[in-house]
Structures are given as C-alpha cells and as structure tokens.
Amino acid sequence: QACPAATHVMVLGRHALTHGICVLFTFMAISQASAFVSPLLPASSAWSIGTSGIGILQSTSTPSQHPGFKLRMGGDSLDDGLSKKFDQERETREKMDKIFKDATSNLQNLAQSELENMNQEAEDIMQRRQEEWEAMGSKAADALTSKVDSLAENFLKSTGRSADDEDDDLDGLQRFLGPQTVAVIGNPGPLRDELMERVRERPALSVSSCERLLETRGINLEETDTLIFCGDEEALDRYTVERLMGRATKLRFVVLVSSLGTRRSDQFPFTLTNAFSGVLDKKRDVELGIQELSKERGFAYTLIRIGKVADKSGNDAVKIQYGDEMTEEVAPAAAAESVLQALLLQPAALNSSLSLISVPGKAPTQAVWDDEFLRLEGPELWREALGSVSASACRDWVKSSWSRKWVKSGSGLTTPVEIKETASGVQLVFTPLKSSYVSFKEEKAREKARDKGDDEDQDSKSKTPPKDMEGGIEVSVEDAPFPRIRAMRCNMAEETVVKETSEKIMMSSLKKDVQGWIKSQ
C-alpha cells in the first residue's frame, strides 16, 4: 500500500519465477528423452543441442544410408517456442530492472527529503533553545543586579547614608567595587614586608607604600581606594591618619592593624604596656578616628588586633575572636593573610573588629579562614564540637527542652525573651518591658529641645534601636563542617544595647547544660 511500484515488481517477479521453473522442467524432460533414445541410434550418429533449437542431427551419414530409420522430435517448433519464452523473460527482466531503478530513485529522493526536513526541524529547535537560554540569562542578570542594588542600599543605610545623597553619582557607585589601588603605610618589619609581598602577588592590585606617615608625598593618594595602616608596633598619630584619609578622595576601604589590649588597657597585663607611654590609649584613639570617619564618609573599615609578631615553627594555625580578646603571639604570614582575607574574601569583616592569634597546627586552608571569620557574624559568643553525638538529636533537645525554660517564671533573666525557632535551632529574642517612666536627665533634655523649638531630643532618638531589634541570642546546631553547636548574638542594630546580665546567665547555662547532655548521650 505504501509503494505500488514495489507491489508491481513483486507480481512480475512471481511470474518470472513460474516461467523459469517451466523452462527448467522442459530441459530435464529433453535430457531424459535423449538418454533413452541414444542407445537405439547407430554409433555414427551424434546428438547436439544448440542455442538455436533442440533436435537430433546426423553428422556423418545421410538418410539414404539408413532408409528405414529416421527420427525427428519436432525440433523446429520446440526451438521457436523456447525463443519466444526467452524473449519474454528478457523483456520481463528489463521491465523489472527499470521498475527497481525507478523505485530506488524514488526512495532515495524521499529519504533525502526526509533528512532535509529533520535537519531543518533540528535547527529550529536549537534556535528556540538558544533564545530560551538567552532569555533566562537576561532574567538571571536582572535578578543579580537587583540583589546587588539591594545590598548596596542596605550598606548605605548601615553607614548612615542613603541613595539620595549628593555624592551618590558614578564615583560613589565605585565604592562597591573591590580594592584596586592599595597604599601600605607603616614601619618596616616582618609584618609589613610579608604584607607587601602578598599584596604584590595579586595582579589585580596596584600597590604603593611608605615607611612613615610623613613620607606619603610620593604616593598619589588621590587615586588610592584602599589604605592599609600597619600600627601594631609604634602608635600612629590620629590627626595624621585622618589627614591621609582625607587626601584619598576615592577611598573605599581602610584596614588598620592594631594591637591587642586597646580596649583592655586597664586590665593586666596590658596595664604594664600602657603605664608609661600610653601607647594603647593612642592606638585606641586611632581606631575611634577611623570608625567615626567611616560613618561620615561611607567607606568600609576593618580593625585587626594582633599580639607580638613572632615566627615560630609549627605555630601556623590561626584563631579569630570578635572585638578585643586573647593575648597570644601571631606569625607574620598569618597576620598578612588576614588583611587580604578581610579585603578580598570575607564580607563579615567589613565594618568590624577582630582579634587574631597563631596556634599550633598547619597553615589554614581557605575553608578554615572562612570558618574563622564566621565568628564575626552576630558576633559569635561560643562554639563547641559535639563529637560523636548526633547533631539532629542535639537540635531537637535545644528546641524542645533547653530553650523552653527561659520563658517560664523564675528563669533569672532581667530581660524577658521570646522563642523563635529556626531551621538549625532557636532564637531567644529580648523583649524588654515598655515603661513610661522618664528620668530627671531625660526630662531636662526634653525641656531643652522644646526651648529650641524641637519636638524631641534628636540625639536621644538616634540612640533608640529600631523596633524588634533589642538583641538576643541564637543557638544553632550544625552538621558541617562537623557536628557542633554555636551561639551568637541576633537581632542587633548599631543602637542596640547589649543585655549583658541576661546574656551571661543564658550563656553560662548553655555551656553547662550542653556538656551535661553530651555526657548523658
């Protein structure tokens, strides 16, 4: 049904086969007859079968020699019939060859047409897929741009600026780019030398340096977007530091390497360091100057406090804590790498301060650096490995048992809390009671504001934390990089007052209760 020509070919083939069989049987009958007759003929007689006919011919004698014996088998009529059959078979074969040739040509043309159609359909499909991928890429780019714009807006708000500021032009948008032109300022020493070597290894950074604050005339600070101050040894001068930052009109990042103890100058052993020269107080003053200018101008800063720089063999691992903690020494390689990590790879280090020391162990990998800088988020207050105990079981215990006791009466907290469950644990959010009581000092401030024509004291208003940002503690139980429990502050804003008493009560209880629960498991 699909190919009439093929059907015709099959019918003709069947007829040809039938005729061929008939011819074969005819030859077989003649052969048997000749075998039967040949013994009866004289020896001088000969039989021959020619292509022009079939019969019995005498080759050596004449009919007069054998007058009584003459045999003919109708050879002439048989020759004519076979010739016609052969001619018909030849014509049939020629017709079949022509039909086969035509059918083959038709099939080839049909196959070629189908292949061309399939190729065209494949090209159409590829074109549609390419257009779909381009559309998806455009949507992803738009989403990424929107995310970057949102992060930029949040950053501006955190620094006290807004997108409507006068300097929010093209130069202002460049503040969100990474470091490009870096100036390293500080006294010669192992840390500065190591830092300069590592910064120069970064092909994307253009580096300049000077050994002292007053030797910056040769540096083009107007084009510098990143300043690194090495103030771990001698104290820098706040006025000069602020003047240099003022010259850097494109400033986006400032990193200050300071000393441990700037916030603990009244505690031993830092009292001895600060007793005669007041070096820690001077360094603390420089830190405050950088933080204040950051709020005014909108650049990001990182304060890295380190102990004595000493290169000890095998002391290559690092430990980071938020703020001003610890007292140990630090290797120059670790201190220099922490500066680059804060500038290039660790968002948690922006507008933050940390303490860095070296501890026994191998040099940290990037994953270790990431985990150490994770302590700055919140910031982190405590972490403890769970060992072989299941993280899932500990998470269930924190949610269903430990956290519930803090909302009961008699918990001992001076500020009540509210429980909010998270995927990895709970948040204990402080909810201080609202009071209409106004102190004598606050009443006087309001009177002065009214006398000036203001509705309220703007300074007091600026120090009031946003709604639902009164602080709290988040307890998170994690499976990676290994089973562990961490506690960090949450719901914090710049104006949020730390609830130190309640925080200490909860943290002391958490450490003790976790140890007891691990032993019970």
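**Notes on the predicted model**

1. The count comes to 27 salt bridges, a salt bridge being a side-chain nitrogen of Lys or Arg within 4 Å of a carboxyl oxygen of Asp or Glu. The model is predicted, and local features therefore need pLDDT of at least 70 and side-chain atom pairs count only at pLDDT 80 or more, while totals for chains, interfaces and linings use all residues. Residues are numbered from 1 along each chain as its sequence is written, and side-chain values use heavy atoms, with hydrogens and water left out.

2. One of these salt bridges joins the side chains of Asp479 and Arg395, at 3.1 Å from N to O. Asp479 sits in the loop between β13 (472–478) and β14 (484–489) and Arg395 in helix α10 (residues 391–402), so the pair ties together parts that are 84 residues apart in sequence. Helices (H or I, at least four residues) and strands (E, at least two) are DSSP runs, numbered from the N terminus. Arg395 counts as buried at 13% relative accessibility, where buried means under 20% relative accessible area, exposed over 50% and partly exposed in between, with a 1.4 Å probe and protein chains only.

3. A salt bridge also links Glu470 with Lys499, whose closest N and O atoms are 3.5 Å apart. This pair connects distant parts of the chain, 29 residues apart, with Glu470 in the loop between α12 (458–462) and β13 and Lys499 in the loop between β14 and α13 (500–520). Both partners are buried, Glu470 at 17% relative accessibility and Lys499 with a relative accessible area of 14%.

4. Glu503 and Arg489 meet through their side chains in a salt bridge of 2.9 Å, N to O. Because Glu503 belongs to helix α13 and Arg489 to strand β14, the pair ties together parts that are 14 residues apart in sequence. Glu503 is buried at 11% relative accessibility, and Arg489 is buried at 19%. Elsewhere, salt bridges that share partners join Asp371, Glu372, Arg375, Glu380, Arg383, Glu478, Arg484 and Arg486 into one network.

5. Strand β5 (residues 226–230) is mostly covered, with 5 of its 5 residues buried. Thr226, Ile228 and Cys230 point one way from β5, whereas Leu227 and Phe229 point the other way. In a regular strand the side chains alternate between the two faces of the sheet.

6. Strands β11 (residues 417–421) and β12 (residues 425–430) run antiparallel and are joined by 5 bridges. They form a hairpin with 3 residues between them, and Glu421 stands opposite Val426 in β12.

7. On the surface, Glu114, Glu121, Glu123 and Asp124 gather in a patch of negative charge. Such patches are made of residues with over 30% relative accessible area and no salt bridge, like charges being joined within 9 Å and nonpolar side chains (Val, Leu, Ile, Met, Phe, Trp, Tyr) within 5 Å. Asp124 lies in helix α2 (residues 75–158) and is partly exposed, with a relative accessible area of 35%.

Technical notes:
Accessible areas come from the Shrake-Rupley method with a 1.4 Å probe; for residues, only the protein chains shown count as cover. Lys and Arg count as positive and Asp and Glu as negative; His and the chain ends are not counted. The place of a charge is taken as NZ of Lys, CZ of Arg, CG of Asp or CD of Glu. Two strands pair if DSSP finds at least two bridges between them.
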